[in-house]
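This report describes selected local features of a single protein model. Please consult the sequence and the structure below while reading.

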Amino acid sequence: MTNVLVLVDHVEGELKNTTQELITAARVFGSVGAVVVGAPGTAEKLQSSLAAAGAETIYAAESDQADSLLVTPSVDALSGLAAHLQVPVLVTATATGNEVAGRTGARVASGVVYDASSIDADRNAQVAIFGGEYTVTTSAAGASPVFTLRPGAVDPEPQAAAGNVQAVELPAAGPTAVTITSFAAAEGGDRPELTEAKIVVSGGRGVAGAEGFSTVVEPLADVLGAAVGASRAAVDAEYYPGKFQVGQTGSTVSPNLYIALGISGAIQHKAGMQTSKTIVAVNKDEEASIFEIADFGVVGDLFKVAPQATDELKARK
């Protein structure tokens, strides 16, 4: 019996780390059903990985159109299963995930809780509000409440399960479905994806330009095997591309280690990273608000501190 549904995040036959986080969080409800949406054969490729992660049942919602339609197949699969099983639904809190969650909640007449950092067996979730200034406990009404889980908020804990595959029929696309006409690979280099990285090194206005990112921020990130992030101020000043922005209007991250270089700590930035397990801040202004949430703070010149840290880490490898 399935007690909770999770929407599987996958790319080219590989599970994304966020799926393992969802399955771990979902186990508080009982037996986990993993919903795989994709082209025929996708679920089979993911079966062993999903079973190892803890999926008792794998619902294969597959069709030739699934990969060419925007969010509709995921909403169809989740809402159909949720309406039948009447169980909670968990989705990753990304732009796409939040869209799927909202549509699914509307379809099954249940509430939606966005950007939860944890969920308990009583269907209560911890959510940061007012730019992260407060954390509240909230719940959603309905037979199948939908939760979106902040990436990195839960440490994956694999727990082998049966992983039985069950086919789910997807309805044909309606006249209002949005079709994806082409794909282009994202230029991410060899660094981990920002929202999934266990370590993030971010630069702010204090980095003083694009050159500062390439000579100070990126070398430290590379020696740590980290993703690179940027504050809104740095992005607005065109120091770094917007897709790497961390904050309320950018990506939300929750890595094990977050290093903030030259970031003052505006409320919109803190809202996107303050659930990080350990925060290290380097800023020459001892009054910078980033120090209010930092576990370790260095008052100093980032152009001296960061390269010294990079050299020391290289020497220890």
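## Basis of the description

This is a predicted model, in which local features need pLDDT of at least 70 and side-chain atom pairs count only at pLDDT 80 or more, while totals for chains, interfaces and linings use all residues. Residues are numbered from 1 along each chain as its sequence is written, and side-chain values use heavy atoms, with hydrogens and water left out.

Helices (H or I, at least four residues) and strands (E, at least two) are DSSP runs, numbered from the N terminus.

Two strands pair if DSSP finds at least two bridges between them. Strand 12 (residues 199-203) runs parallel to strand 14 and is joined to it by 5 bridges; in this pairing Ile199 stands opposite Leu257. Strand 15 (residues 278-283) is likewise parallel to strand 14, with 5 bridges between them, and Ile259 stands opposite Val280 there.

Ser110 belongs to the loop between helix 4 (95-107) and strand 7 (112-119). With a relative accessible area of 10%, Ser110 is buried. Apart from neighbours within four places in sequence, Ser110 is in contact (heavy atoms within 4.5 Å) with Gly105, Ala141, Gly142, Ala143, Ser144 and Pro145.

Two backbone nitrogens face the side chain of Ser110: a polar atom of this side chain lies 3.4 Å from the nitrogen of Ala143 and a polar atom lies 3.1 Å from that of Ser144.

## Loop residues with positive phi

Glu12 is in the loop between strand 2 (10-11) and strand 3 (14-15). Its phi is near 50°, a positive value in a residue other than glycine, and Glu12 counts as exposed at 80% relative accessibility. Gln86, in the loop between helix 3 (72-85) and strand 6 (89-92), has a phi near 55°, also positive in a residue other than glycine.

## Pocket and cavities

On a 1 Å grid over the protein atoms alone, a cavity is a set of points where a 1.4 Å probe fits but cannot get out, and a pocket is an open set with protein on both sides within 12 Å along at least five of seven lines; lining residues have an atom within 4 Å of a point. Grid points are joined across faces, edges and corners, and a volume is the space filled by probe spheres set on the points. The second largest pocket has a volume of about 160 Å³. Strand 15 and helix 8 (302-316) are the elements that give two or more residues to its lining, which includes Val282, Asn283, Leu302 and Phe303.

The model has 2 cavities of 30 Å³ or more. The largest cavity holds about 60 Å³ of space, and among its lining residues are Ser63, Gln65, Thr72, Asp76 and Leu170. The second largest cavity holds about 30 Å³; its lining includes Gly152, Glu196, Val200 and Pro255.

Definitions and conventions. Buried means under 20% relative accessible area, exposed over 50%, partly exposed in between (1.4 Å probe, protein chains only). A polar contact is a pair of N or O atoms within 3.5 Å; within protein, one must be able to donate a hydrogen and the other to accept it, and residues adjacent in sequence count only if both atoms are side-chain atoms.
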